[in-house]
Structures are given as structure tokens and as C-alpha cells.
Amino acid sequence: TGALTVALCNSMDRLQGSGHRFSPEAEAEYVSLHKELREMTETVIGLLYQNTPDAIKLARRQKQHLSERLAQYENDHIQRISKGLCIPDIGLMYLELLEEIRKISRHLTNITDRAGNFYKSIGKTYVESGITLDINA
């Protein structure tokens, strides 16, 4: 997931270096997706600390919602490109960002799917050793 996060940051750096910006619609979509991805990440990290069926269900719901949003925003963006409402090169960068977010969410889903009894003791182990696990960091 770290390499994918770097790819996401590199895409944003390329955008900034181009001197262009996303359309207001694409920018709002990206901000929304980033927020959802962060919430899903916090939920999945929390699973490693305190694994509960409710937390696993929440992570899966978040993944489903994020997947639906990605598909919707991708379709919306393709329509913007076809109508000539954005610069094609910048439009491709946006589609690349959507794909990187999709990949990160898949990695988080893999963690969720594997978050079984093995992870239940991690929180206790960290607390006993004096290390705190802050999922908001």
C-alpha cells in the first residue's frame, strides 16, 4: 500500500508541475474520495488493534461505497472528457488517480479479509509493551 500511496503522490506532483488544475467537479470528487479512503484506512488499522465483526462489516461497507463512488466518478469524468470540458492529459492523470485509489482500497480489503483472530491480541501486546497505537495519526 505504501508504494501505491507514493504513486498517488507522484501523480499529484505531476499535476502540480503541469501548471494545470482539475476541473472543480473532478477536484470535489477527489477530495471526497480521499476522505472516504482515509476513513476506510482508519477502520482497517483499527481492525488490527481491536478486531470485531462490526468493524469488519464497517470496513466492507466502506469498500463497497468507495467502489461505487469510483465507478460513478470515472463515468462522470469520461463524460467530461468526451464533451471537451477538460484537457485530455489532465483527464488521464485524474483517471490514473482513481485507479491508484482503487488499488489502495483493494489492499485495505485484503487486510480486512485477513483480519481474523490472529490480530485480536495485537492491541494487548502493544499496550503491555508500553507502545500506543493511534489510528488517527
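Tutor: Let us begin with a term: buried means under 20% relative accessible area, exposed over 50% and partly exposed in between, with a 1.4 Å probe and protein chains only. The model is predicted, so local features need pLDDT of at least 70 and side-chain atom pairs count only at pLDDT 80 or more, while totals for chains, interfaces and linings use all residues. Residues are numbered from 1 along each chain as its sequence is written, and side-chain values use heavy atoms, with hydrogens and water left out.

Student: Does Phe 22 count as buried or exposed?

Tutor: The relative accessibility of Phe 22 is 9%. Because the limit for this class is under 20%, Phe 22 counts as buried.

Student: Which elements make up the protein chain, and in what order do they run from the N terminus?

Tutor: Helices (H or I, at least four residues) and strands (E, at least two) are DSSP runs, numbered from the N terminus. The protein chain has five helices and zero strands, and from the N terminus on its elements run α-α-α-α-α.

Student: What span does helix α2 reach from its first C-alpha to its last?

Tutor: The expected span of a helix is 1.5 Å times one less than its number of residues. Helix α2, residues 24-49, has 26 residues, and close to the expected 38 Å is the span that it reaches, 38 Å.

Student: How many residues apart in sequence are the parts that the aromatic pair ties together?

Tutor: Rings of Phe, Tyr and Trp (its six-membered ring) pair if their centres lie within 6.5 Å, and planes under 30 degrees apart count as stacked, over 60 as edge-to-face and the rest as tilted. Phe 22 and Tyr 94 form an edge-to-face pair, at 5.1 Å centre to centre and 75 degrees between the planes. Phe 22 lies in the loop between α1 (2-18) and α2 and Tyr 94 in helix α4, so the parts tied together are apart in sequence by 72 residues.
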